[in-house]
Amino acid sequence: MATRRRAEMMEETRAKLIQAARKAFAEKGYAAASMDELTAEVGLTRGALYHNFGDKKGLLAAVVARVDGEMAARARQIAARSEDDWEALLAEGVAYIEMALDPEVQRIVLLDGPAVLGDPSQWPSQDSCLQTTKRTVERLIAGGILKPVDAEAAARLLNGAALNAALWIAASDNPAEVLPKAVEAFRCLATGLLAKPA
């Protein structure tokens, strides 16, 4: 019983720190966010942060994983409204690209995340997205909708195109102007995989 309660308290502490960091990173950016202010805001010590995440970079990784996971879930929800797997695949990619207009996503996942954590395609959350895309591509190939290409290669290229489009939007001086260009190009690239031209 005591072990269970301790685990619950640790999870509560982690959740508080992630939520406070998410707010601070979104409002101030990673570099300007103060760990002393962040921990004090939720009534914890720097020791709690170091114990749970190792350092500020570890805390950012946890926040990025949370936000990126939410992005993937939102994209899957949008895709689920589609009539078929092909439309769902396009809708999921476009939804991910469109989320680059969200200020929190821009700052945490698309700007600070890569700058501090490195290549986003190597993040565990991105691997989960890749596996989901690969399964969809496999179904579409089996159904004769897509050309019989390597499913992993196609999934990696589709995910890479969506991710890089989102990174481009977030880094641009005028994200709203870049978005339609990125979406149009993503759709053109994806339709090149179709067995029969659209």
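Author: In this predicted model, the crossing of α5 and α9 is right-handed. The contact draws on Trp86, Leu90, Gly93, Val94, Ile97 and Glu98 from α5, and on Leu179, Ala182, Val183, Phe186, Arg187, Ala190 and Thr191 from α9. By class, these residues are nine nonpolar, two polar and two charged. Helix α5 covers residues 85-98 and helix α9 residues 175-191; their axes come within 10 Å and cross at roughly 150°. An angle over 145° counts as roughly antiparallel, and α5 and α9 are therefore roughly antiparallel to each other.

A second pair is formed by helix α4 (residues 56-80) and helix α6 (residues 103-117), which pack at about 135° with their axes 10 Å apart. That angle makes α4 oblique to α6. The crossing of α4 with α6 is left-handed. On the α4 side, the contact is made by Lys57, Leu60, Ala61, Val63, Val64, Val67, Asp68 and Met71; α6 supplies Val105, Ile108, Val109, Asp112, Gly113, Val116 and Leu117. The contact of α4 with α6 has 11 nonpolar, one polar and three charged residues.

Helix α3 (residues 46-53) can be described by its burial: Ala48, Leu49, Asn52 and Phe53 are buried. Viewed down the axis of α3, these buried residues fall within an arc of 100°, so they line one face of the helix. As background, an α-helix has 3.6 residues a turn, so residues three or four places apart point the same way. Just after α3, Gly54 has a positive phi of about 85°.

Definitions and conventions:
Residues numbered from 1 in each chain as written. Predicted model: local features only at pLDDT ≥ 70, side-chain atom pairs only at ≥ 80, totals over all residues. Heavy atoms only, no water. Axes fitted to C-alpha atoms, helices over the stretch in contact; angles between N-to-C directions. Helix = DSSP H or I, 4+ residues; strand = E, 2+ residues; numbered from the N terminus. Parallel < 35°, antiparallel > 145°, perpendicular 65-115°, else oblique. Left-handed = near helix turned anticlockwise from the far one by under 90°. Contact = heavy atoms within 4.5 Å. Nonpolar A, V, L, I, M, F, W, Y, C, P; charged D, E, K, R; others polar. Buried < 20%, exposed > 50% of the residue type's maximum accessible area, 1.4 Å probe, protein only. Arc of directions from axis to C-beta.
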